[in-house]
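Welcome, and thanks for taking a look at this one with us.

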Amino acid sequence: MTGLPARFDTVIHRRKTRSVRVGDVWIGSDHPVVVQSMINEDTLDVEGASAGIRRLQEAGCEIVRLTVPSLAHAKAVAEIRRLVEKSGPPVPLVADVHHNGMKIALEVANHVDKVRINPGLFVFDKPDPNRTEFSPAESAAIAERISETFEPLVSLLKQQDKALRIGVNHGSLAERMLFNYGDTPMGMVESALEFIRICDRLDFHNIIISMKASRAPVMLAAYRLMAHRMDEEGFHYPLHLGVTEAGDGDYGRIKSTAGIATLLADGLGDTIRVSLTEAPEKEIPVCYGILQALGLRKTMVEYVACPSCGRTLFNLEEVLHKVRAATDHLTGLDIAVMGCIVNGPGEMADADYGYVGKTPGTISLYRGREEIGRVPEAEGVEALIALIKADGRWVEPQG
């Protein structure tokens with residue numbers, strides 16, 4: 001598309017960021033978008049938490065977060081890490097630290113690859129219902145206390161070459177930010193920038209930023225504004241995307257996709273988490289589905305299939321199910337299942353292989369745009385597998 005702006009391209013142009021290492025995983029625009037999740041076991045349950053981490057890793061999760069609400073939890077992470085390392089491949093771990101978590105963060109930083117702090121809670125004062133304003137002197141004093149409290153953690157992470165996520169949540173902005181900016185994306189962005197500037201002053205740049213909200217429009221506005229403000233100030237840090245508290249079932253998946261995919265399509269986002277009220281492992285396929293649909297990662301077969309209509313020459317839903325069952329263990333392929341010849345060759349032009357209803361009871365098999373042959377419908381799936389094998393692109397399913 002010569003001469004047209006990048007936004008009209010058929011590929012996504014990601015916002016340029018620096019690279020941040022979390023364990024053996026790199027996050028940033030020069031690397032694939034990373035998939036994350038969080039265990040729901042109590043961190044004091046060392047064996048349960050270790051097993052939860054391993055289940056997520058086996059499901060395809062690339063970075064795993066665990067909650068650390070107390071010093072006892074922080075110390076338990078050392079044993080969790082030992083058990084995880086003993087049981088299989090390494091898994092980058094992130095500690096989630098919240099209310100007044102200064103001592104907790106300093107302890108757990110020794111046992112994880114990244115610490116996540118929430119600016120609205122890291123130095124937390126209970127809101128005063130009688131307050132009507134924050135004077136400049138009060139605001140300055142709080143800012144100084146935040147800096148003094150935060151600096152030791154930044155220094156420790158810098159010394160150990162570990163990462164930090166500055167994770168703002170729309171529902172937990174500090175009282176001072178609410179007074180100054182309201183319950184708005186601007187307040188979220190200013191909350192993060194306060195902590196970013198402290199890190200910058202200390203020459204620490206292993207930082208990832210998140211701007212989560214439970215409503216997609218708020219989340220979208222906050223991330224867009226965050227990216228704009230960071231780029232204005234020369235802070236090219238990666239973004240961790242998520243719609244927090246998205247719920248469960250179809251709507252939870254749709255809500256998460258609406259927020260995450262919209263930003264990814266804009267070129268924003270370097271690591272994602274889909275937050276479902278379900279077993280954490282169920283979040284992982286949704287993440288990879290979003291990334292594959294946008295062409296950002298290819299980790300499964302892409303199926304192109306038309307909706308049924310009066311021209312369809314076989315039970316499309318049933319055949320697609322059979323084709324998927326036979327091939328969904330493969331990676332990197334596009335397979336089209338088309339009910340008739342009217343749209344088939346054109347609509348499946350980008351597919352590696354095509355399975356098309358030619359005449360009643362007959363299937364045409366395609367390699368790209370080339371028709372390879374015709375077989376009886378009853379032999380169609382087996383013939384498709386044989387074609388993939390003949391091209392050397394077949395692997396046997398595991399187990």
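## Helices H1 and H2

Helices here are DSSP runs of H or I with at least four residues, strands are E runs of at least two, and both are numbered from the N terminus. The contact is built from Val46, Glu47, Ala49, Ser50, Ile53 and Arg54 on H1, with Ala76, Glu79, Ile80, Leu83, Val84 and Ser87 on H2, where contact means heavy atoms within 4.5 Å. By residue class, that contact has seven nonpolar, two polar and three charged members (Ala, Val, Leu, Ile, Met, Phe, Trp, Tyr, Cys and Pro are nonpolar; Asp, Glu, Lys and Arg are charged; the others, Gly among them, are polar).

A word on the source: this is a predicted model, in which local features need pLDDT of at least 70 and side-chain atom pairs count only at pLDDT 80 or more, while totals for chains, interfaces and linings use all residues. Residues are numbered from 1 along each chain as its sequence is written, and side-chain values use heavy atoms, with hydrogens and water left out.

## Helices H7 and H8

The axes of H7 (residues 185–201) and H8 (residues 216–233) come within 9 Å and cross at roughly 40 degrees. H7 and H8 are therefore oblique to each other (under 35 degrees is roughly parallel, over 145 roughly antiparallel, 65 to 115 roughly perpendicular, and the rest oblique). Their crossing is right-handed.

On the H7 side, the residues in contact include Met188, Leu193 and Ile196, and on the H8 side they include Leu225, Met226 and Met230. The residues of this contact comprise 13 nonpolar, no polar and four charged.

## Thr257 in helix H9

Thr257 sits in H9, which spans residues 249–265. Its relative accessibility is 30%, so Thr257 counts as partly exposed (buried is under 20%, exposed over 50%, partly exposed in between, with a 1.4 Å probe and protein chains only).

The side chain of Thr257 reaches the backbone oxygen of Arg253 at 2.8 Å. Beyond neighbours within four places in sequence, Thr257 touches Thr262, Val286 and Ile290.

## The whole chain

The protein chain contains 13 helices and 15 strands. Of its 399 residues, 51% count as buried.

Note on methods:
Axes fitted to C-alpha atoms, helices over the stretch in contact; angles between N-to-C directions. Left-handed = near helix turned anticlockwise from the far one by under 90°. Polar contact = N/O pair within 3.5 Å; in protein donor to acceptor, adjacent residues only side chain to side chain.
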